[in-house]
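Hi,

Here is the structure I promised to pass on. Have a look at it first, and my notes follow below.

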Amino acid sequence: MKKILLSSVALLGLATGAVAADLPSRRAPAPIIAAAPIFTWTGFYVGVNAGFG
C-alpha cells in the first residue's frame with residue numbers, strides 16, 4: 001500500500017511540472033511605441049563648398 005501511494009504521489013508531482021511549460025500566455029502583447037526620429041531628411045538644404053588649393 002505504501003508503494004502505491006508513494007508512486008502515485010511521485011507520478012502526479014512529475015506530471016504537473018511538465019504541463020506548466022506548455023501553457024500559452026494569457027497576457028496581451030506589449031504595445032509597440034515607435035520613437036520619434038531625431039533627424040529627418042525631409043527639409044530644405046543648401047550646401048556650400050569653398051576651398052583654396
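**What I found**

The protein has one helix and zero strands, where helices (H or I, at least four residues) and strands (E, at least two) are DSSP runs, numbered from the N terminus. Bear in mind that this is a predicted model: local features need pLDDT of at least 70, side-chain atom pairs count only at pLDDT 80 or more, and totals for chains, interfaces and linings use all residues. Residues are numbered from 1 along each chain as its sequence is written, and side-chain values use heavy atoms, with hydrogens and water left out.

Of the 53 residues, 0% count as buried (under 20% relative accessible area; exposed is over 50%, partly exposed in between; 1.4 Å probe, protein chains only). The protein exposes about 6,100 Å², and 70% of that comes from carbon and sulfur atoms.

In helix α1 sits Ser 7, which is partly exposed at 43% relative accessible area. The Ser 7 side chain reaches the backbone oxygen of Ile 4 at 3.0 Å.

The segment after α1 (2–20) holds Val 46, an exposed residue with a relative accessible area of 58%. Together with Phe 44 and Val 48, Val 46 forms a nonpolar surface patch with about 420 Å² of accessible area.

Now the annotation: the unreviewed UniProt entry marks residues 30–52 as "transmembrane region" (such annotations may be inferred rather than shown by experiment). In the model, that stretch is 0% helix and 0% strand, with its end C-alpha atoms 57 Å apart.

Cheers

Definitions and conventions: Patch = residues over 30% accessible without salt bridge, like charges linked within 9 Å, V, L, I, M, F, W, Y side chains within 5 Å. Areas by Shrake-Rupley, 256 points an atom, 1.4 Å probe, with all protein chains shown as cover. Salt bridge = Lys/Arg side-chain N within 4 Å of Asp/Glu carboxyl O. Polar contact = N/O pair within 3.5 Å; in protein donor to acceptor, adjacent residues only side chain to side chain.
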